[in-house]
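Open the model in your viewer and keep the selection tool at hand. The stops below say what to select next and what is there.

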Amino acid sequence: MKAYRAELHVHTVLSPCAGVEMIPPLIVREALQLGLSLIAITDHNATANIAAVMQAAKGTGLVVLPGMELQTREEVHLLCLFDTLEQAAEWQSRVDSLLPDTPNNIEFFGEQFVVDATGEFIRREERLLINSVALGLETAAGLVRSLGGLAIPAHVDRKANGLLANLGLVPPGFDVLEISRHLTPPEAVEKFPQLRGYPLIQSGDVHLLDGFLGSVKLEMEKPCIAEIVKAVKGLNERKASFVRG
């Protein structure tokens with residue numbers, strides 16, 4: 001087994017709420033400086049900057065998984081992680097057909113930049129990305145799984161776009177839940193008994209370079225969705241644990 005220190009919830013400048021410094025080379029540099037070996041790029045309802053981060057990480061030893069932070073009909077945020085860009089592209093095409101065609105108000109929401117591997121500007125995303133798609137949480141999760149991906153309700157303890165605040169319960173079928181940086185796993189379970197018995201990961205929900213947390217260590221054969229699921233469940237000698245600093 002190999003140990004991967006992971007941050008599975010990272011935004012780029014494509015997310016309007018992310019800082020202007022969240023460009024591929026700086027994301028990769030910061031992750032490596034913190035000793036991370038696995039990250040997932042999870043912009044709001046979008047995947048256009050993933051390939052650029054992958055290219056920036058090429059040859060560094062940092063593994064970049066394709067992902068998305070989907071906002072469901074219930075206004076719950078759902079991390080959608082995949083093994084390949086092809087899977088992510090297929091998921092993006094489904095999301096595009098269900099995302100409202102609302103223009104982005106740059107002054108209010110912020111810029112949405114698509115960039116290359118060096119961070120150079122390619123284009124603006126004109127449609128507002130922080131909107132709910134016409135998909136319920138359970139339906140969305142099922143579609144992600146049908147593509148070979150992993151669906152993780154994001155920051156379930158948070159009031160804004162969190163699973164527990166919006167639904168009050170955890171629907172069946174989820175392999176793992178994400179808690180925010182503000183609670184330890186024992187604190188989260190004590191505060192929210194609904195979480196008891198579920199594997200938990202913790203992410204920084206990184207919108208700025210100083211937001212990396214990297215508190216999850218995954219011991220597994222290789223950095224892929226199937227192995228991540230085994231690690232968080234503690235199957236076949238795979239393990240997930242929490243680290244700090």
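**Stop 1: helix 1**

Select helix 1 (residues 24–33) and show its side chains: Pro24, Ile27, Val28, Glu30 and Ala31 are buried. Buried here means under 20% relative accessible area, exposed means over 50%, and partly exposed lies in between, with a 1.4 Å probe and protein chains only. Helices (H or I, at least four residues) and strands (E, at least two) are DSSP runs, numbered from the N terminus. Look down the axis of helix 1: the buried residues fall within an arc of 165 degrees, so they line one face of the helix. The arc is that of the directions from the helix axis to the C-beta atoms.

This is a predicted model, in which local features need pLDDT of at least 70 and side-chain atom pairs count only at pLDDT 80 or more, while totals for chains, interfaces and linings use all residues. Residues are numbered from 1 along each chain as its sequence is written, and side-chain values use heavy atoms, with hydrogens and water left out.

Contact means heavy atoms within 4.5 Å. After helix 1 comes Gly35, with a positive phi near 80 degrees.

**Stop 2: helix 3**

Move to helix 3 (85–96). How far apart are its end C-alpha atoms? They are 16 Å apart, which agrees with the 16 Å that 12 residues should span at 1.5 Å a residue. The expected span is 1.5 Å times one less than the number of residues.

Select Gln87, Ala88, Trp91, Gln92 and Val95, which are buried in helix 3. They cover an arc of only 135 degrees around the axis, which puts them on the same side of helix 3. Their cover includes strand 3, strand 4 (77–81) and helix 5 (137–146).

**Stop 3: the nonpolar cores**

Select Leu70, Leu78, Cys80, Trp91 and Leu195: these have the most contacts inside the largest nonpolar core, which has 35 residues. A nonpolar core is a set of buried Ala, Val, Leu, Ile, Met, Phe, Trp, Tyr and Cys residues joined through side-chain atoms within 4.5 Å. The elements that give this core two or more residues are strand 3, strand 4, helix 3, helix 5, helix 6, strand 8 (177–179) and helix 7 (185–191). Helix 5 supplies the largest share, 4 residues. A second, separate core has 21 residues, including Tyr4, Leu150, Val176 and Leu218.

**Stop 4: the cysteines**

Return to Cys80, which counts as buried at 0% relative accessibility. Neighbours within four places in sequence left aside, Cys80 is in contact with Pro66, Gly67, Met68, Leu70, Trp91, Val144 and Leu150.

How many disulfides are there? With a disulfide taken as a pair of cysteine sulfur atoms within 2.5 Å, the count comes to 0. Cys17 is in no disulfide, and the nearest cysteine sulfur, that of Cys80, is 16 Å away. For Cys80, the closest cysteine sulfur is likewise that of Cys17, too far for a bond at 16 Å. Cys17 counts as partly exposed, at 40% relative accessibility.

**Stop 5: two polar side chains**

Gln71 is in strand 3 (residues 63–71) and is buried, with a relative accessible area of 12%. The side chain of Gln71 makes a polar contact with the side chain of Ser132 (2.9 Å). A polar contact is a pair of N or O atoms within 3.5 Å; within protein, one must be able to donate a hydrogen and the other to accept it, and residues adjacent in sequence count only if both atoms are side-chain atoms. Gln71 and Asn45 are 26 residues apart in sequence and 6.8 Å apart in space, C-alpha to C-alpha.

Next select Asn104, in the loop between helix 3 and helix 4 (106–109). Asn104 counts as buried at 14% relative accessibility, and a polar atom of its side chain lies 2.9 Å from the backbone oxygen of Gly110.

**Stop 6: positive phi**

Finish with His155, in the loop between strand 7 (150–153) and helix 6 (163–167). His155 is not a glycine, yet has a positive phi of about 30 degrees; it is buried, at 2% relative accessible area. Asp205, in the loop between strand 9 (200–202) and strand 10 (216–220), also has a positive phi, about 45 degrees, and is buried at 15%.
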